[in-house]
Number of protein chains: 2
Amino acid sequence: MTHEQLFQIIQKKRSFLCIGLDTDIQKIPSHLLETEDPVFEFNKAIIDATHDVAVAYKPNIAFYESMGMKGWESLGKTVEHIRKTSKDIFIIADAKRGDIGNTSAMYAKAFFNTYNFDAITVAPYMGQDSISPFIAYKEKWSVILALTSNAGAFDFQFIEDEVSGKKLFEKVLETASTWATKDQIMFVVGATKAEALTDIRKIVPDHFLLVPGVGAQGGSLQEVAKYGLNERCGLLVNSSRGIIYASKENDFAEIARQKAEETRKEMEVYLRQNHLI
Amino acid sequence: MTHEQLFQIIQKKRSFLCIGLDTDIQKIPSHLLETEDPVFEFNKAIIDATHDVAVAYKPNIAFYESMGMKGWESLGKTVEHIRKTSKDIFIIADAKRGDIGNTSAMYAKAFFNTYNFDAITVAPYMGQDSISPFIAYKEKWSVILALTSNAGAFDFQFIEDEVSGKKLFEKVLETASTWATKDQIMFVVGATKAEALTDIRKIVPDHFLLVPGVGAQGGSLQEVAKYGLNERCGLLVNSSRGIIYASKENDFAEIARQKAEETRKEMEVYLRQNHLI
């Protein structure tokens, strides 16, 4: 999927919502535990209820990996179900991988070939050759960590480079944006640091940003839209717990849809205000 | 396993060799492909042939993940087989994980509980709260990326902090070494940067360092030992392809043992020279 195709889906759905599938077997409604694959059944219900208001889903790989083989099976079925349900969905493996070349190549194969993801989140610490095996898949995206939404972001991401005076996350944006075109690279910028988006947009005016941290982590959608929207939207805002766990009862999918639709409606307002639809 | 227990195993085996299980189904001897689980059969043969000369094994998780569920099954059986074969082995999941707290907690559960690893490699970019869920497992280790062995290490790891004049990897060593004791934290330092070990030992004199990059990547064991050994050895030197793929014929396990034993003998010399045995 290209940058332009992603924007077209956003326009069509009047939404830039990404739903995080952080599916934890200890948090899903108890009646699902009687099914053969509770994690998949939960995801399926969420997907069936929300696929027309979300532009992307982002399974959080740790949640599946922690369940061993069973988890990987649920993950595979989830991606397959999304593909079967809609062609207008961008699927991100939130995996935060990054390793030496031959190892990253194996991860790329895992997420792009074995599972059929459009994109994977990657960590920049090891530099260009740790990301290039992902970029070698021309139809696929690398979503590179820049400024994260957690408290630990302050440990290293704000270190200022003696030579350029730039912060580490700014160096990451500046350097990594040269590794491929905006059709293959996206950056993670936490919603909890929305005020930084003005400066970030000076470095990467055209790139899509994946923005976690709205909802449970306290970030504001309004602020993110105000400082982050560009002329092709350029934002995918993720919400996980705030949508998928909004109800823990039998009506969980219905309530998830209500929450997702509320968020989408707010997004539609910002898209209109910026003349993007 | 504590820092002191790890040193005792090193003394007993006169070795600080870690064997990397980067097991690629396309590189293993063809006669194994007829077995039900070729990746496990390969690992089993390597382990049976080398467990008395190696102090650690390091399965490279990407290689298993790229095979989907089948790969995770092979991984689980491999860890189990190591545990059954010897009590004197340290097992590292080379996974390079690191994410926000609740996600890292899931990875910790996966590698420390579901699979029974002693340690996991983690990426420092997201800071302390991305690592603390791993450190919460008191008997387990976090092996934090500091200075990696690949070319991309120069992209960000050498950025010099305007305030302290320290390089990013030095800040990582300095900061992360305060997150837990040397019984729980180890650092990755690539063998291809052996000359940096003198300065690194000024920052972390007592910590164990996991050193990849000897062999296929061109690092020198002699240089690593010269600059990296401390009074409790403090080194685990990894070799993967140089040992496990030394022969692609039926004699692969035997040749792997020969290569491992050659390396161990060289290590024994350095241990003696430094009065560690």
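Does Arg14(A) count as buried, exposed or partly exposed, and how many C-beta neighbours does Arg14(A) have inside 10 Å? In this predicted model, Arg14(A) counts as partly exposed because 17 C-beta neighbours lie inside 10 Å, a count that falls between the limit of 12 or fewer for exposed residues and that of 20 or more for buried ones. Arg14(A) is located in the loop that connects α1 (3-13) with β1 of chain A, and its phi is positive, at about 50°, although the residue is not a glycine. A positive phi, of about 55°, is also found at His275(A), which is likewise not a glycine. His275(A) belongs to the segment that follows α12 of chain A, and it counts as exposed because it has 7 C-beta neighbours inside 10 Å.

In chain A, eight strands form a closed barrel in the order β1-β2-β3-β4-β5-β6-β7-β8, and their pairing is parallel. On average, neighbouring strands of this sheet are turned by 30° against each other when direction is ignored. Helix α12 (residues 252-273) of chain A lies across β1 (17-21) and β8 (235-239) of chain A, and its direction makes an angle of about 150° with β1(A).

Chain B likewise holds a barrel, closed by eight strands in the order β1-β2-β3-β4-β5-β6-β7-β8 with parallel pairing, and the twist from one strand to the next averages 30°. Here strand β4 (residues 119-122) of chain B pairs with strand β5 (residues 141-147) of chain B in the parallel sense, over four bridges, and Val122(B) finds its bridge partner in Ile144(B) of β5(B). Helix α10 (residues 221-228) of chain B lies across β7 (208-211) and β8 (235-239) of chain B, running at about 165° to β8(B).

The largest nonpolar core comprises 188 residues, of which Cys18(A), Ile144(A), Cys18(B) and Ile144(B) touch the most other members. When residues up to four places away in sequence are not counted, the residues touched by Cys18(B) include Ala54(B), Val55(B), Ala56(B), Tyr57(B) and Lys58(B), together with Ile92(B), Leu210(B), Leu236(B), Val237(B) and Asn238(B). In soluble globular proteins, nonpolar side chains tend to be buried together.

Chain B is superposed on chain A by a rotation of 180° with 0.0 Å of shift along its axis, at an RMSD of 0.0 Å, and the two copies are therefore related as by a two-fold rotation axis. In chain B, the C-alpha nearest this axis belongs to Glu162(B) and lies 2.0 Å from it. The same surface serves both copies, since 98% of the contact residues of chain B recur in chain A.

Between the chains, 49 residues of chain B are in contact with 48 residues of chain A. Among the elements that give two or more residues to the side of chain B that touches chain A are α3 (61-65), α4 (69-85), β3 (90-97) and α6 (128-135) of chain B, while α5(B) gives the most, with seven residues. The residues on this side of chain B divide into 21 nonpolar, 16 polar and twelve charged.

Terms used. Residues are numbered from 1 along each chain as its sequence is written. Chains are lettered from A and ligands numbered from 1 in the order in which they are written. This is a predicted model: local features need pLDDT of at least 70, side-chain atom pairs count only at pLDDT 80 or more; totals for chains, interfaces and linings use all residues. A nonpolar core is a set of buried Ala, Val, Leu, Ile, Met, Phe, Trp, Tyr and Cys residues joined through C-beta atoms within 7 Å. Two residues are in contact if their C-beta atoms, placed from the backbone, lie within 7 Å. Copies are superposed by least squares on the C-alpha atoms of residues with pLDDT of at least 70 in both. Two strands pair if DSSP finds at least two bridges between them. Axes are lines fitted to C-alpha atoms, for helices over the stretch in contact, and angles run from 0 to 180 degrees between N-to-C directions. Ala, Val, Leu, Ile, Met, Phe, Trp, Tyr, Cys and Pro count as nonpolar, Asp, Glu, Lys and Arg as charged, and the others, Gly among them, as polar.
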